[in-house]
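Welcome! Please take a moment to look over the sequence and the 3D view before reading on.

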Amino acid sequence: MALSDFYSSTNNTAHKRKLVLLTRDSHRDIADAASQANDLIKNVGVGAIIGPSTSLQAIFMADFGNKAQVPIISFTATSPSVSTSQNPYFIRMMQSDLSQINVIAELVKTFEWREVVPIYEDTEYGKGMMPDMIDAFQAIDTRVPYRSFISTSATDGQILSALYKLMSMRTRVFVVHMTPALGVRVFQKAKMIGMMSEEYSWIITDGLANFLGSFNSSVIDSMQGVLAVRSYIPRSTELEEFRARWKKQFKQDNPGIKKIELNIFGLRAYDTIWALASVLEKLDIMNSTRSVSKIGPKLLQLISETKFHLLSGDVNLIDREMQSNTYQLLNVIGNGGREIGIWTTSNGIVRDSSSLITTRAHSLSSPRDNLRVIIWPGESTVVPKGWVIPEMGKKLRIGVPVKRGFTEFVKVSRNSSVSNSSYVITGYCIDVFKAVVEMLPYPVSYELVPFAKADGTQAGTYDDLVYQVYSQNYDAVVGDITISGNRSTYVDFTLPYTPSGFSMIVPLKEDTSNNAWILLKPLNLNLWLAIIVFFVLTWATTWALEREENNPAFQGEVWHQLETMFWFFFSTPAFANGDKTVRNGMAKVVVIVWVFSLLILSSSYTASLTSMLTVHRLEPTVTDVHELIKTRQNVGYLEGTFVHTMLKRMGFDEY
């Protein structure tokens, strides 16, 4: 059809020469394909070879083309393992599989899936794009915990075995990169064992997406809810007219096939022939009788430099490889694929082709908002979270310390309502661990296992518990476990979420602010005794001096004289006009010294009492650990911790 349309588009006399097709059937055999290519080049003297159907065939045939300087043109060998940079005479009239990697990565990022498992066939086509795809997932912080590859000759049992292994894992997002022959079988088996239900997410590359229009109803039924990525072909009147003509012609030639649609490979075949025929019109030399074609370099140059407007749109080869900047996003639902969005390198995900005119709508909304409603596997409209806790998966064993005291951190108690072997584990450390697990973007199935004996008591020290991780009896340990040098040689620690280390806890000095005898506290006992003695001496001296001078105030009965002396000495600081001494010499000196001392004592007393009443002081009875060692005091420590070893190193006696 391509040759007929091309040469009927203009007057035949205008054509300098015509393109003639010589067909060879390789029977999908690599050796046969290489042999046929060698025969066409050496014996027939062809100017170009079109159509290695597989990437592995293209690898062998490209080598013949390089040596003979004959262009090898393929519109089906999409694997990046066939490199145009390493094969100067290889031309890819189809975009490489690498061009759709960014589309798939953006879909994964849009739905915030943190783990993805690729499922691909064990061929050059299947394996070619895997390294780049994994790199793209790592760039968006998405893990690839496992890769599942299936042989094209796998039996049904082997396919089921691979799928059952995926079911046992927590990841529920799969990217399938296969040819239809194997891909159809995989989805039918996945449907059979329940992997096309809710919580599952499937993305297929264009290797399967390009054939959605050719699958029968049973195959489409097994793929309901799948997301598909395929090259975007702009609609045009010429394209629709050609599809109708092709479909009519195909039904005439194949009356037994009812459901058939022209896919992108058919369009690329048509465009490849059209492009080659148009390039031949520009050649001035037509001589290929020798084994090394003389027109090969010129033909290669013209194809590489010419920009074509073909049935599938504008085609511009860069480094002899077709570029694709636009992809169509499909949701397999009903009888086939329904468009849910368009992806471009410049705009990302947009709703439809009309959005390609402007980027404003895309810049103001998230990629998920630009997608139409998606029906996921199981007829769900809720975006799968991408993981589940597998019933068949192995749980992590998390060791927990059992101890007496300080249960705010970790508390292990028996659950008597269930059974003697069941425990209830709570505490701050357990709360932190559970909060971290819930924040992870993927599930972690675990069980908390107390480090205890059969009777529920502590099974060993904290060092013993840490060593259980090194011995692989536990996968991890959660608890108030201090990071120390010797422990770090066996295990890795998380960053500390509480202050690390150890402190000395000692009694406080007695708080006397609420003591009824606080009025006596500002001055110590010795000072109080000194004041009393000084008072008595001062009183006796003054009494003796004034009585000798016949001072009437110091005369009379003994009790009267005692009363006078007490009153005299306590009133002197406050009353300047109180009782006066008669002996102006020594008695006044004694009184002055007393008054001066009393002023000093009263000021000091007032300041100390104010401080005691207004400042709440928390003073430890012991401020230095070496004081405890020196005085041989008893020291307590939490049983099983590293503190016991530290105390012995510091110099404490064992007892």
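The report below starts with confidence and then visits a few places in the chain.

What you see is a predicted model. The mean pLDDT of the chain is 83, and 84% of its residues reach 70 or more.

Two stretches call for care. Residues 287-292 have a pLDDT below 50, and beyond near neighbours in sequence this stretch makes eight contacts in the model. Residues 360-364 also have a pLDDT below 50, with six contacts in the model beyond near neighbours in sequence. Where pLDDT is low, the predicted coordinates should not be read in detail.

## Aromatic rings that meet

The model holds 20 aromatic pairs, counting rings whose centres lie within 6.5 Å. One of them joins Trp113 and Trp376: the ring centres are 5.8 Å apart and the planes stand at 80°, so this pair is edge-to-face. Trp113 sits in the loop between α4 (101-110) and β4 (117-121), while Trp376 sits in the loop between α15 (367-370) and β16 (396-401), so the pair ties together parts that are 263 residues apart in sequence. Trp113 counts as buried because its relative accessibility is 1%, and Trp376 counts as buried because its relative accessibility is 2%.

Another pair, Trp246 with Phe250, is stacked, at 5.0 Å centre to centre and 25° between the planes. Trp246 and Phe250 are four residues apart in helix α11 (residues 237-253), so about one helical turn separates them. Both Trp246 and Phe250 are buried.

## A cluster, and lysines over rings

Ring pairs can also join up. Phe6, Tyr7, Phe242, Tyr270 and Trp274 are linked by ring pairs into a cluster. One member of this cluster, Tyr7, has Lys18 over its face, at 5.4 Å from the ring centre.

Elsewhere in the chain, Lys385 lies over the face of Trp387, at 4.2 Å from the ring centre.

## Around Thr171

Which residue does the side chain of Thr171 touch through a polar contact? The partner is the side chain of Glu115, at 2.6 Å. Thr171 itself is found in the loop between α7 (156-167) and β6 (173-177), and Thr171 counts as buried because its relative accessibility is 3%.

Leaving aside neighbours within four places in sequence, Thr171 is in contact with Glu115, Val116, Val117, Pro145, Leu166 and Gly386.

How many of the eight residues of β13 are buried? The count is seven, so strand β13 (residues 326-333) is mostly covered. In a regular strand, side chains alternate between the two faces of the sheet.

β13 pairs with two strands named here. With strand β8 (residues 227-231), β13 pairs in the antiparallel sense over five bridges, and Arg230 has Gln328 of β13 as its bridge partner. With strand β14 (residues 336-344), β13 also pairs in the antiparallel sense, over eight bridges. Here Leu330 stands opposite Glu339 in β14. β13 and β14 form a hairpin with two residues between the strands, and in that hairpin Gly334 takes a positive phi near 70°.

Technical notes. Residues are numbered from 1 along each chain as its sequence is written. Side-chain values use heavy atoms; hydrogens and water are left out. Rings of Phe, Tyr and Trp (its six-membered ring) pair if their centres lie within 6.5 Å; planes under 30 degrees apart count as stacked, over 60 as edge-to-face and the rest as tilted. Buried means under 20% relative accessible area, exposed over 50%, partly exposed in between (1.4 Å probe, protein chains only). A charge sits over a ring if NZ of Lys or CZ of Arg is within 6 Å of the ring centre and within 35 degrees of the ring normal. pLDDT is the predictor's confidence in each residue, from 0 to 100. Contact means heavy atoms within 4.5 Å. A polar contact is a pair of N or O atoms within 3.5 Å; within protein, one must be able to donate a hydrogen and the other to accept it, and residues adjacent in sequence count only if both atoms are side-chain atoms. Two strands pair if DSSP finds at least two bridges between them.
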